[in-house]
Amino acid sequence: MSTTARHPPPTTRLRRWLVLAAVSAGLLLISVDMTVLYTALPTLTGDLHADASQKLWIINAYPLVMAGLLLGAGTLGDRVGHKRMYLIGLVLFGTASVMAAYAPSPPVLIAARAFLAVGAAAMMPATLSLIRVTFTDERERGVAIGVWGTMAMAGAALGPIVGGLLLEYFWWGSVFLVNVPVVLVALVMTVLVAPGGSGGSDRPWDLIASLQVMVGLVGVVYAIKEATSPAPSWVEVAVAVAAALVGFWLFVRRQRGQAHPLIDFALLRDPRILVGVLAAGMAMLATAGVQLVLTQRLQLVMDFSPFHAGLVVAAMAAGALPVGVVVGALLYRTGTRPAISAGLLTAGLGTLIVLASTSAPLGWTVLGLLVAGAGTGAAMTAASAAIVGNAPAHRAGMASSVEEVSYELGSLIGVAVLGSLLAAAYTGTVRLPEGSPESAADSLDQARMVAERVGGADATALLEAATDAFDNGYRLTLVVATGVLLASGVFGALHGRRRTP
């Protein structure tokens, strides 16, 4: 018997919106922790004496482990109950936050970040599933999903701001410890207002399949990360690709023979769900990449502090939140496909404005970010509604996990691919003055360090050459991001147009 059958959703309007507040708090924590270390990393690595490899894993342990566990976590929530999964995830997340805050060494911090990902993976599918079972009215559900969809973008945008603000007054561990009071409030609210239930005892959780898909997803992400690093190990790339292929092949083969599969591939045969999954991934790929390269340019070229750079990038969240809520309220009239397509095309237009404003006053960049955020907020809201709203009720956790895996992989691939394009364009086009140290050709960060040592006219010429090369890469990444968004918008408009009810 399903969760909703055993425990009907809350009937009072206030209680329904309190459930939304409780799950939104958890999602905001998950998203903030994806980006909060962007500003805190230099400080904490200096205090912990972390080397380059350890810094990489401090950042990547969280998204890698979460991407691998998400799919299995959603199906496990269908079995044990989504409220129970959300509460378990909150407890794990809060415990891991304390471990990370007081980590005495890089290996402990890496382990704590992986532990954080376990809690996040338990929470994420449950947040969307609890919305599904709580909001039975289609219009209310659309608004709730709109709030849910924009929380992810808001959290990612707030991460660098939160990190920069806390570091002005506290030590680096505060960026983790700030999670604890939010976890406690969300725990109490969830216990009091969320619909309960023990899940479906007739739905076995396939641990072997969860491990197989985790191997496949982690292999893909690791291969991308290693292949796009400054000095890639192609042996490691080949091993990661081989592991990914084997993991996915075993997973698909196992799913086809299971009475209760971890993922029902019939979900993706619905064009509404397929377009929603692709839209979520492509929107986050472009958004994460744009935020990464713009944040670097604001700090390295325009000399913004991390806190002020984060405030500028937060314009995307400012555009996304109100539009996402409004679009969510109108989905019952417009349908999801038009909103997805229009949102992606609008986001592409916003990114194009950011690209065109490279040499213009900052206000034009902010305008472009607002437009891009509005489009992405609309697309993400409609994509979430398309996936969860069109999946069968007993597949709510599964559908939520599929969407969130797409979201996480889109973010990871966007940072890896667009970040590598930026680096490759810099090293390929930089023309340093004669006699400049070779290290200045590696990155704009290195060039700035060299210029500080050299000083005088030589430093000015060096910085001009390095800045020009960086801007070449910056423009290239924005062109690619714009192309991804526009192409995805056209695909969303055309795919399944005749078959979608």
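This is a short walk through a predicted model of one protein, from the overall make-up to a few single residues.

I will start with the whole chain. The protein has 501 residues, and buried residues make up 56% of them. In secondary structure there are 19 helices and zero strands. Next, the contacts along the chain. If we take contacts between residues at least 6 apart in sequence, 83% of them join residues at least 24 apart.

The largest nonpolar core has 127 residues. Inside that core, the residues with the most contacts are L37, Y62, M66 and F176. Which helix gives the largest share of this core? That is α6, with 15 residues.

Let me stay with M66 for a moment. Leaving out residues up to four places away in sequence, M66 touches I30, M34, A117, A120, A121, M124 and E408. Of these, I30 of α2 and A120 and M124 of α6 will come up again in the next part, where those two helices meet.

Helix α2 covers residues 13-35 and helix α6 covers residues 106-134. Their axes are 9 Å apart, and the helices pack at an angle of about 150°. An angle over 145 degrees counts as roughly antiparallel, and α2 and α6 are therefore roughly antiparallel to each other. Their crossing is left-handed. On the α2 side, the contact is made by R16, V19, L20, V23, G26, L27, I30 and D33. On the α6 side, the residues are R113, L116, A120, M123, M124, T127, L130, I131 and T134. By class, that contact has 11 nonpolar, three polar and three charged residues.

The second pair is α12 and α15. Helix α12 is residues 271-300, and helix α15 is residues 336-356. Here the angle is about 15°, with the axes 11 Å apart. The cut-off for roughly parallel is under 35 degrees, so α12 and α15 are roughly parallel to each other. The crossing of α12 and α15 is left-handed. From α12, the residues in the contact are V275, G276, A279, A283 and V290, and they meet I340, L344 and T351 of α15. What classes of residue make up this contact? Six are nonpolar, two are polar and none is charged.

T482 lies in helix α19, which runs over residues 456-494. T482 touches G348, T351 and L352, not counting residues up to four places away in sequence. Is T482 buried or exposed? Its relative accessible area is 5%, so T482 is buried.

R297 lies in α12. At 10% relative accessibility, R297 counts as buried, because the cut-off is under 20%. Apart from residues up to four places away in sequence, R297 touches M302, T358, F470, D471 and Y474.

F470 also turns up in the contacts of L444. L444 is in helix α18, residues 444-454. With a relative accessible area of 2%, L444 is buried. Its contacts, again setting aside residues up to four places away in sequence, are L300, V301, Y426, A466, T467 and F470. Take A466 from that list: A466 and L444 are 22 residues apart along the chain, and their C-alpha atoms are separated by 5.9 Å.

What is the phi of D303? It is near 60°, a positive value in a residue other than glycine. Most residues other than glycine have a negative phi. D303 is exposed, with a relative accessible area of 54%.

A157 counts as buried, at 2% relative accessibility. The C-alpha atoms of A157 and L311 are separated by 8.3 Å, and the two residues are 154 apart along the chain. Leaving aside neighbours within four places in sequence, A157 is in contact with Q291, G310, A314 and A317.

To sum up, the predicted model has 19 helices and zero strands. The pair α2 and α6 is roughly antiparallel, whereas α12 and α15 are roughly parallel. The largest nonpolar core has 127 residues. That is all I have.

Methods:
Residues are numbered from 1 along each chain as its sequence is written. This is a predicted model: local features need pLDDT of at least 70, side-chain atom pairs count only at pLDDT 80 or more; totals for chains, interfaces and linings use all residues. Side-chain values use heavy atoms; hydrogens and water are left out. Axes are lines fitted to C-alpha atoms, for helices over the stretch in contact, and angles run from 0 to 180 degrees between N-to-C directions. Helices (H or I, at least four residues) and strands (E, at least two) are DSSP runs, numbered from the N terminus. Angles under 35 degrees count as roughly parallel, over 145 as roughly antiparallel, 65 to 115 as roughly perpendicular and the rest as oblique. A crossing is left-handed if the near helix is turned anticlockwise from the far one by less than a right angle, and right-handed if clockwise. Contact means heavy atoms within 4.5 Å. Ala, Val, Leu, Ile, Met, Phe, Trp, Tyr, Cys and Pro count as nonpolar, Asp, Glu, Lys and Arg as charged, and the others, Gly among them, as polar. A nonpolar core is a set of buried Ala, Val, Leu, Ile, Met, Phe, Trp, Tyr and Cys residues joined through side-chain atoms within 4.5 Å. Buried means under 20% relative accessible area, exposed over 50%, partly exposed in between (1.4 Å probe, protein chains only).
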